[in-house]
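Thanks for coming, everyone. I have one structure to show you today, so let me put it up on the screen.

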Amino acid sequence: MRRAFATSAVLFCATALSAGDFFTLQGHGGPIMGIAVSDTDQIATVSFDNAVGLWSGQQPLWFDGHEAAVNAVLFTPDNMIVSAGDDFTLRVWSPEGTQLAVWTGHKGKVVSLALSPDATQFASASWDGSIGLWSRDGTAPRFMTGHRGPVNDVAFTRNGTGLYSASADGSIRLWDVATATESLRVTEHGFGVNELELNEDAGWLAYGAVDGGTRVLDLATGDTVADLTLERRPVLSLAQTTDGSLLAVGDGEGYIMVIDTPTWRIARDFRATERGPVWALAFSQDGTNIHAGGLDPRMYSWPVATMSEANPMATGAPSFLADADSMPNGERQFMRKCSICHTLTPGSARRAGPSLYDLFGRRAGTVEDYAYSDALNGSTLIWDENTIDALFDIGPEHYIPGTKMPMQRITGAQDRADLVTYLLRETTPKEISK
């Protein structure tokens, strides 16, 4: 669930682009994982590139600090931005981009955030199987446990005393916030539940699941009031308009379905991406536009009335989706393990990792346009055939404890050798003929 929260007018002026126009926001170096919208229609985006983008028109202000992909973002009423991601942290930012706090305690990636109605608490959903409750006054967090799998989404009740959660264990649960205990098992879907969208004024709770199930429950009775399931899976994103009249559903096959909630009928349904999933959805404040993110590093926004006629996200053929059987082994290893985070050309392009251009013989942690973790700042490690082999032999987390690099290994010695050969050829600066 990517919910819009109020912010005051001291934030950058809202962009006119959101008023019924098709537009994109370009600048991230990786897929868009989450979107939030303020009450002045300012947009915040988070990405696989480890960054938060706060947009004023087409111009982003970058918030850098996360050490892995960022999955969730929201605005607070007092102008703050809160983000969370694969580095297990929540981070609080000023609207000018200053990191004000880093909250730790989860032992797995954080994939969703919610703000209590009185804005005194945050809730976080983590793949460690817990729900975090974080106080704005900085007191120690509390954690609610009981799900038998990763927690994917959370939503506060209108009075703030309850919290709904959705989990990969297939259940939706309601928790008592004061006691941090489960008060109601809302449903057992059978397949993992990824997304929630709550509308207490209208009396419904919508959810989307791994099997493509998209259902709406009556809050009073628990009965299913609408089953919007199509032959597309999994459901990866949900969003509703401020007035609750429209509900949008994004799935793993790249479609966005827009539902008219008074009648529970499909108002729009179109393929939003050339390929790949729709990971993030949010409406503009007036419901005119729907913003979406997927594999393309741009955020796309379509006017709802004409979205079926708009061009889809131009994901093209990202290197990490290339046919593995069509390339030599060294290139195949690079595409599988490295290409989504690193470029082979000068400039890191806001990717999750630094450029690998001119890699061999370079001291680790020295690419000027990349913000490294403390583990590599000041490092004496030199990248060469042996150190790159060792990195993937035992895994980055063991070779360089504390690194941002994902936990992955290449167990085959020949696979590592082929990767090194490929990198040696592709990252060496080429002479430019005159």
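I'll go from confidence to the cores, then the rings, the cysteines and a few backbone details.

Please keep in mind that this is a predicted model. Mean pLDDT for the protein is 90, with 92% of the residues at 70 or more. Residues 1–16 are a stretch to treat separately: pLDDT there is below 50, and the model gives the stretch 58 contacts beyond near neighbours in sequence.

Let's start inside. The largest nonpolar core has 24 residues, and the members touching the most others are Phe334, Trp383, Ile388, Phe392 and Leu423. Which elements give two or more residues to this core? They are helix 1, helix 2, which covers 385–394, and helix 4. Helix 4 supplies the largest share, with four residues. As a general point, nonpolar side chains in soluble globular proteins tend to be buried together.

Setting aside neighbours within four places in sequence, its contacts include Leu359, Phe360, Arg362, Ile388 and Ile400. There is also a second, separate core of 17 residues, with Ala248, Val278, Leu281 and Ala292 among them.

Now have a look at helix 1, residues 329–337. Its buried residues are Asn329, Gly330, Arg332, Gln333, Phe334 and Met335, and they pack against helix 4, which runs over 413–427. Phe334 you have met already, as one of the core members with the most contacts to other members.

On to the rings. Across the whole structure, a search finds twelve aromatic pairs. One of them joins phenylalanine 22 and tryptophan 302: the pair is tilted, 6.3 Å centre to centre, with 45° between the planes. Why does this pair tie together parts that are 280 residues apart in sequence? Because phenylalanine 22 lies in the segment before strand 1 (23–25), while tryptophan 302 belongs to strand 28, residues 299–303. For comparison, tryptophan 134 and phenylalanine 143 make an edge-to-face pair, 5.6 Å between centres and 85° between planes. Here tryptophan 134 is buried at 3% relative accessibility, and phenylalanine 143 is partly exposed at 31%. Back at phenylalanine 22, there is a cluster to see as well: Phe22, Phe270, Tyr300 and Trp302 form one aromatic cluster.

Two tryptophans also have a charge over the ring. Lysine 109 lies over the face of tryptophan 127, 4.5 Å from the ring centre. Arginine 350 places its charged end over the ring of tryptophan 62, at 4.0 Å from the centre.

Cysteine 338 is in no disulfide, and the nearest cysteine sulfur to it, in cysteine 341, is 8.4 Å away. That distance is too far for a bond, since a disulfide needs the two sulfurs within 2.5 Å. Both cysteines are tucked away by the numbers: cysteine 338 is buried at 5% relative accessibility, and cysteine 341 is buried at 8%.

Last, the backbone. Arginine 233 and proline 234 are joined by a cis peptide bond, with omega about -10°. Proline 234 is in the loop between strand 21 (224–227) and strand 22 (235–240).

Two residues other than glycine have a positive phi worth a look. Phenylalanine 88, with phi about 75°, is in the loop between strand 7 (81–85) and strand 8 (90–93), and is partly exposed at 32%. Tryptophan 264, with phi near 55°, is in the loop between strand 24 (255–260) and strand 25 (265–271). Is tryptophan 264 buried or exposed? At 18% relative accessibility, tryptophan 264 counts as buried, because the cut-off is under 20%.

That's my tour, and I'm happy to go back to any part of it.

Conventions. Residues numbered from 1 in each chain as written. Predicted model: local features only at pLDDT ≥ 70, side-chain atom pairs only at ≥ 80, totals over all residues. Heavy atoms only, no water. Buried < 20%, exposed > 50% of the residue type's maximum accessible area, 1.4 Å probe, protein only. Contact = heavy atoms within 4.5 Å. pLDDT = per-residue confidence, 0-100. Phe/Tyr/Trp six-rings, centres within 6.5 Å; stacked < 30°, edge-to-face > 60°. Lys NZ or Arg CZ within 6 Å of the ring centre and 35° of its normal. Core = buried A, V, L, I, M, F, W, Y, C linked by side-chain atoms within 4.5 Å.
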